[in-house]
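Here is a short briefing on one protein structure. Look at the sequence and the 3D view first, then work through the points below.

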Amino acid sequence: MTVLISGGTVVNATGASPADVIVEGERIAAVLAPDSELAAAARRGDARVIDARDRYVVPGGVDVHVHLQLPMTPESTSSDTFASGTVAAAWGGTTTVIDFVGQARGRRVRDALEERFAEAEGQCAVDYGFHLSMGGVDADSLAELAALVDEGITSLKLFMAYPGVWYSDDGEILRAMQRAADLGVLVMMHAENGLAIDVLRDQAAASGRTAPVWHGRTRPALLEGEAVHRAAALAAVAGAPLYIVHLSAAEALAEVVAARDAGRNVFAETCPQYLYLSLEEQLDRPGLAGARHICSPPLRSRHEGHQDSLWRGLRTDDLSVVSTDHCPFCDKDKALGLDDFRRVPNGLGTIEHRMDLLHQGVVAGELSVSRWVDVCSTTPARLFGLAGKKGVIAPGADADIVVYDPTAEHTLGADAHHMQVDNSAWEGVTVTGRAETVLSRGEVVVEAGRFRGRAGHGRFLRRSLCEPLR
Ligand code: URP
Ligand code: ZN
Ligand code: ZN
């Protein structure tokens, strides 16, 4: 099957220019200057033609941090399944997602892996991969890492937060980083000082401060900055590359900048919620309205200027990636903590909106259109072992392509989205720009306001090592 995407502006991380794209089967076959003989021949033949006039033609989004059907607490599992979450991703122009195999302390990595593979198998509408979340750094889990690399799981998440659940102490982190350094595995870090935060949380609750906003007030930005500093120091000692996940605070960004300026292999992602939402406007609302915005790290104060710092970090490449940390919970789950913020399951849903929300950065003049593609597709693909295959419109790459209408206005909310969650952290937000036609490995999965994909089209991605570090 040949597809000709004609008349659009092809946007890569390296620049934007008018071009036609020819897709043969699952791959991009050619990117051609306008009015080429090859495109004319494809048109005369049996190629299917997609008219991309006045549209951007961009690589499908690569969301490297999602949590589909994640059992977060004994009572609550994130509400998007592999099936529903990948459909929602496709609607929003994201054609690759990377989720996590969660190895809880005391569990064997292999068992966790087999269980997670079985959950995803045959369910996904777009391609998917896994990181390992290591909750128990022990001889078994460290020994298993080499086999995981061979199987295409080349990144590892560790936690300085969530004591008693996912938390690792500094000694464990160092040991895991040493092993990761030997193997070339990219260490992802949830950087918040969980032990100190637990003291603050319990003190707040004991004095009756139980409203959602106390989730934010007991997780100060300083304790994220401190954790990033410690993680960077441990990574330097171990000689390991480091990737800070869901960075939310100016203090944390300053530590990333310092580490990078010192020549260390430290990278960081932020998420749309930290760029747009705030403690004052969303978290400091009573009841469910606030609880719906509980995530960790928390939404940060706008008065303190975190959001502006993060936009600047994206422009200057101090921040390399925007992921979603997609982890939605329905109101019945969020309501479990209405009288105690500590019981609210952490996370919110954004998998469908990331490309559009970051396109707002282009509309507002915060980012160039190429930088939008870079942070949403190209760099996440490069850092997570998918260079050349995902995140680029070039011959030989997978034909994951979005024909994007940069002028379409729409309003986000629970009634309009395709995510399987009955609330939206983005309720009422109007954005300009929308994925109009979406191809996943050459198959049209979204077109003319209809989903045309299928569960099971998405394949597991055996990822190689982080490209800039190979
Ligand atoms: O609130 C969040 N971030 N939920 C997902 C789990 C995590 O720490 O990434
Ligand atoms: Zn985390
Ligand atoms: Zn996460």
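Between domain 1 and domain 2 the count is 1 salt bridge. The model is predicted. The protein chain is divided into domain 1 (2-59 + 391-421 + 430-451) and domain 2 (61-388).

**How the domains meet**

- The C-alpha centres of domain 1 and domain 2 are 29 Å apart.
- Contact involves 40 residues of domain 1 and 41 residues of domain 2.
- About 3,000 Å² is buried between domain 1 and domain 2. Carbon and sulfur atoms give 63% of that area.
- On the domain 1 side, H418, M419 and Q420 lose the most area to domain 2. Together they make up 21% of what that side buries.
- The size of an interface is often given as the accessible area lost when the parts come together.

- Which elements give two or more residues to the side of domain 1 that touches domain 2? They are β1 (2-12), β2 (15-24), β5 (56-59), β14 (401-411), β15 (430-440), β16 (443-447) and β17 (450-451).
- Strand β15 gives the largest share of that side, with 9 residues.
- By type, the residues of the side of domain 1 that touches domain 2 divide into 21 nonpolar, 14 polar and 5 charged.

**Zinc site**

- Which protein donors does the zinc ion (ligand 2) have? They are K157 through NZ, H190 through ND1 and H246 through NE2. These donors lie 2.1 to 2.3 Å from the zinc ion (ligand 2).
- Along the chain, the donors of the zinc ion (ligand 2) follow the spacing K-x32-H-x55-H.
- H190 is in strand β10 (residues 186-190). H246 is in the loop between β11 (242-244) and α9 (250-261). The two residues are 56 residues apart, and the pair links distant parts of the chain.
- The zinc ion (ligand 2) and the zinc ion (ligand 3) are separated by 3.9 Å.

**Salt bridges**

- The whole structure holds 40 salt bridges.
- One salt bridge joins the side chains of D127 and R441, at 2.7 Å from N to O.
- Another salt bridge joins the side chains of D182 and R179, at 3.7 Å from N to O.
- Where do D182 and R179 lie? Both are in helix α5 (residues 170-183). They are 3 residues apart, about one turn of the helix.

**Backbone details**

- The peptide bond from S296 to P297 is cis, and its omega is near -5°.
- P297 sits in the loop between α12 (287-291) and α13 (306-316).
- D35 has a positive phi, near 65°, and is a residue other than glycine.
- The place of D35 is the loop between β3 (27-32) and α1 (37-44).

Terms used:
Residues numbered from 1 in each chain as written. Chains lettered and ligands numbered in written order. Predicted model: local features only at pLDDT ≥ 70, side-chain atom pairs only at ≥ 80, totals over all residues. Heavy atoms only, no water. Domains from an automatic or database assignment. Contact = heavy atoms within 4.5 Å. Buried area = accessible area lost by both parts, 1.4 Å probe. Salt bridge = Lys/Arg side-chain N within 4 Å of Asp/Glu carboxyl O. Helix = DSSP H or I, 4+ residues; strand = E, 2+ residues; numbered from the N terminus. Nonpolar A, V, L, I, M, F, W, Y, C, P; charged D, E, K, R; others polar. Donors = N, O, S within 2.8 Å, 3.2 Å for Na, K, Ca; no water.
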